Each structure stands twice: as structure tokens, then as C-alpha cells.
Amino acid sequence: MSSDTLVTSPAAPDIPEPADSLRIVPQRRFGQWTAAVAVLALLALAVNSVLRNRAFQWDVVAEYFTTDAVLRGLWLTLWLTAVVMVLGFALGTLLAAFRLSANPVLRTVSWGYVWLFRSIPILVQLLLWFNIGALYPQILGVKTVDLLGPVTVAVIGLTLHEAAYAAEVVRGGILSVDRGQIEAAQALGLSRWRRWWRIVLPQAMRSIVPPAGNMLIGTLKGTSIVSVIAVHDLLYSVQLVYHRTYQVIPLLMVATVWYTVVTSVLSVGQHYVERHYARGTDSGSTR
């Protein structure tokens, strides 16, 4: 048989190697690790500086941390935060309902309220309410000085301020609910109250809780501003002490640590509330 008549066999197809035999080489991220090491080094230096700096006087911080004056100021701060948040969101929900109303007068009034109280700094609002007696010496026959004490002024000023922001938070949460959900509830014959309570509110809370939690923490810290009108909150209480002892830094650290502890507790609570309302969603199932 001649070489011309030889039939060459077809080449064997390439058989891929088993997946187990393939070597996976992880991507090297030298930049990220370098940045992480630098951040940890700076953090260690900062912590070491705070702990070893004698100017902080941590022994004085421990001495005043649980004194009666500080604890009374802390209690007033917590009470003021709770009252302002409840009243602020109650008024804010009403304003949000006005803003979503078909009545143009209610919409305009709500928009004007939000615009006005978000435009004026909270410190200016508190000082205006504190000096309201210059404009209205008497209200319903009662002297304004006797009617509006420092704590009352703080509650009024902070509540009106928070209500403007709460109105936008609630309105945004309601608008986040798909319109089809409401139409489906109407088709099922649910009453208006049941539609809001069983359909709209649970879904709106997913959008309301995160900013509301941030507002709660912001309100807690923002109550420190009432010290300018002599309300005996946490900050004002430590100020009274260091005006007497001249230990400014350690007393400010007392207030700082207490604010940090309380905001940390509130942050943990916010996390669990968010997870509760996120049940059945992708974000809720991955937490």
C-alpha cells in the first residue's frame, strides 16, 4: 500500500481536565492590605494616645461617671429624647397626611410648616421660644414666664423642629409602597383603616425605620443644645461640675462616654427593629 493511500486517523478531541485538578489562584490585593495595615496602625496609635494621655484624667472620669448629678442629667436627656420623638412623630405623621391629601389648603400648610421649621436653626428656635415673653407677656391670662419654663421650652422647640423632619420621613415611607398593593386591597373590599394598618404601614415601615432610627440618635445628641437655656440635661450637669472643679476635660469625657453608651444601645435596637420589618425580603433574609 502506497503512502498516498494511507488514511490518517482524526485527531483525538481535547478532553478538559477535571475541575478538581484546576488550581485556583486568588487575586492579590496588595493595595487593600497595605491600607488596612496603615489604618490599624493609626488606630492603635490613637487608642494608645487616649489611654496614656494623663490629661484625660480617667480616674476623675470614673469618680464622676455615676454621681447623682450626672445620672439626673442623663435621665432628663433620655426623658426629653423620648417625649420629643413621640410628639414629633405624632405631629409629623399628621403633617405627612396633610401633604398627601387631595385638599390644596392642607398640602400648602404642611409644605409651609416643613419649609419654615427646616429653614430656622434649632438654636434660634429655642432662643425665640425662650424669649416668647417679649412678644406675648400673657397667654390666656397666664404670664408666659410662669407658663413656659426651660424644660417646656425645650420640649416645644425640639418637637416642632423634629416634626418637620418626621413628616418627610413618614411621607417618603408611604410613597415607597407600591400603588398596586393599595388597589389590590381596595379590590378585596378592605376598609380604609384596614388598608393602612395591614397593607400600607407594614411596608412603609421598611423605609421609615432606618431614617427614624437616625433621627432618634440625632435627637438624643441634639438635646445637648438645650443647655444654652439652662435645662439640666447631661451636658449642663457636667458643666455645672467643671465650673466648680475646673476639671473640664474629664467631665466632658463623662458626657462623651454616656452619649456613646446610649447611642450604641439605640443602634442595636434599631438593627433588630429593621430586621423585624425586613422579614420576607432579600435584605431581611441575609441578616
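Guide: The secondary structure of the protein chain comprises 12 helices and two strands, where helices (H or I, at least four residues) and strands (E, at least two) are DSSP runs numbered from the N terminus. This is a predicted model, in which local features need pLDDT of at least 70 and side-chain atom pairs count only at pLDDT 80 or more, while totals for chains, interfaces and linings use all residues. Residues are numbered from 1 along each chain as its sequence is written, and side-chain values use heavy atoms, with hydrogens and water left out. From the N terminus on, the order of the elements is α-α-α-α-α-β-β-α-α-α-α-α-α-α.

We turn now to the pocket. Rolling a probe the size of a water molecule over the atoms shows where empty space is left. On a 1 Å grid over the protein atoms alone, a pocket is an open set of points where a 1.4 Å probe fits, with protein on both sides within 12 Å along at least five of seven lines. The largest pocket has a volume of about 920 Å³; a volume is the space filled by probe spheres set on the points, and grid points are joined across faces, edges and corners. Its lining has 34 residues, of which V170, I174, W196, V200 and L201 are the closest to the centre; a lining residue has an atom within 4 Å of a point. Two or more lining residues come from each of α3 (68-99), α7 (150-175), α8 (179-187), α9 (192-222) and α11 (248-277). The largest share, 15 residues, is supplied by α9. By class, the lining holds 24 nonpolar, six polar and four charged residues. Here Ala, Val, Leu, Ile, Met, Phe, Trp, Tyr, Cys and Pro count as nonpolar, Asp, Glu, Lys and Arg as charged, and the others, Gly among them, as polar.

Two of these helices, α7 and α9, also pack against each other, at an angle of about 145° and with their axes 8 Å apart. Axes are lines fitted to C-alpha atoms, for helices over the stretch in contact, and angles run from 0 to 180 degrees between N-to-C directions. On the α7 side, E162, Y165, A166, V169, V170, G173 and I174 take part, and they meet W196, V200, A204, S207, I208, P211, A212, M215 and T219 in α9; contact means heavy atoms within 4.5 Å. This contact has 12 nonpolar, three polar and one charged residues.

Q125 lies in helix α5 (residues 122-130) and, not counting residues up to four places away in sequence, touches F117, I120, G157 and H161. Q125 counts as buried because its relative accessible area is 4%, where buried means under 20%, exposed over 50% and partly exposed in between (1.4 Å probe, protein chains only).

Leaving aside neighbours within four places in sequence, V61 is in contact with F56, P250, M253 and V254. V61 is buried, at 6% relative accessibility. The loop between α10 (234-245) and α11 holds Y246, which is exposed, with a relative accessible area of 70%. Phi of Y246 is near 65°, a positive value in a residue other than glycine.
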